Amino acid sequence: MTSTDDVKQGKVSILLGSPESLLVQHRKLIWELAEAKLIAAIAVDEAHCVRKFGFPRKKQNGKTKAAFRPAYGRLLEVRAMIGDVPLVALTATATADGQAKLIKSLNMSPCFSLILPPS
């Protein structure tokens, strides 16, 4: 098992975490890594979850339903903490509208989009 010290010393190449762990449990660690310039990039897998789970949704009856996992909607805070590093957002299910909203939610403009059909 990798320790926090191993991470701080740059002995870890890839650090995986949920939005909640990055923003809550390990926020101080992320901040320290960012200050030490040890974070080279951010990858958001299943990026459609940012829009699907991270923000309140209007129900058909007009009422607003709270976000299921609001930390997804706060991933922009991670970008703000880390600074200007490349970000890749991966999803296989976002619609064109969902992609546009995702780009806006993660402040990825300008960006390069690579859209490939399933093989």
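Which residue just after H7 takes a positive phi? Asn 107 does, at about 50°. This is a predicted model, in which local features need pLDDT of at least 70, side-chain atom pairs count only at pLDDT 80 or more, and totals for chains, interfaces and linings use all residues. Residues are numbered from 1 along each chain as its sequence is written, and side-chain values use heavy atoms, with hydrogens and water left out.

**View 1. The segment after H7.**
Asn 107 sits in the segment after H7. Helices (H or I, at least four residues) and strands (E, at least two) are DSSP runs, numbered from the N terminus. Asn 107 is a residue other than glycine, yet its phi is positive. Pro 110 belongs to the segment after H7. The peptide bond from Ser 109 to Pro 110 is cis, and its omega is near 0°. Phe 112 also has its place in the segment after H7. Phe 112 counts as exposed because its relative accessibility is 70%. The cut-offs are under 20% relative accessible area for buried, over 50% for exposed, and in between for partly exposed (1.4 Å probe, protein chains only). Phe 112 and Val 88 are 24 residues apart along the chain, with 9.5 Å between their C-alpha atoms.

**View 2. The two sides of H7.**
Gly 98, Leu 102 and Ser 105 are buried in H7. They lie on the same side of H7 because they cover an arc of only 65° around the axis. The arc is taken over the directions from the helix axis to the C-beta atoms. Ala 96 and Lys 104, on the other side of H7, are exposed. The buried residues of H7 pack against helix H4 (48-53), H6 and S4.

**View 3. Glu 46 in its loop.**
Glu 46 is in the loop between S1 and H4. Its phi is positive, about 55°, although Glu 46 is not a glycine. Glu 46 counts as partly exposed because its relative accessibility is 40%.

**View 4. Helix H3 against helix H6.**
The axes of helix H3 (residues 27-35) and helix H6 (residues 75-82) cross at roughly 35° and come within 8 Å. Axes are lines fitted to C-alpha atoms, for helices over the stretch in contact; angles run from 0 to 180 degrees between N-to-C directions. Arg 27, Ile 30, Trp 31 and Ala 34 of H3 meet Glu 77, Met 81 and Ile 82 of H6. Contact means heavy atoms within 4.5 Å. The contact of H3 with H6 has five nonpolar, no polar and two charged residues. Nonpolar covers Ala, Val, Leu, Ile, Met, Phe, Trp, Tyr, Cys and Pro; charged covers Asp, Glu, Lys and Arg; the others, Gly among them, are polar.

**View 5. The largest pocket.**
The volume of the largest pocket is about 670 Å³. A pocket is an open set of points on a 1 Å grid over the protein atoms alone, where a 1.4 Å probe fits, with protein on both sides within 12 Å along at least five of seven lines; lining residues have an atom within 4 Å of a point. Grid points are joined across faces, edges and corners, and a volume is the space filled by probe spheres set on the points. The largest pocket is lined by 28 residues, with Leu 15, Leu 16, Ala 41, Ile 42 and Ala 43 nearest its centre. H6 gives the most to this lining, four residues. The lining has 22 nonpolar, four polar and two charged residues.
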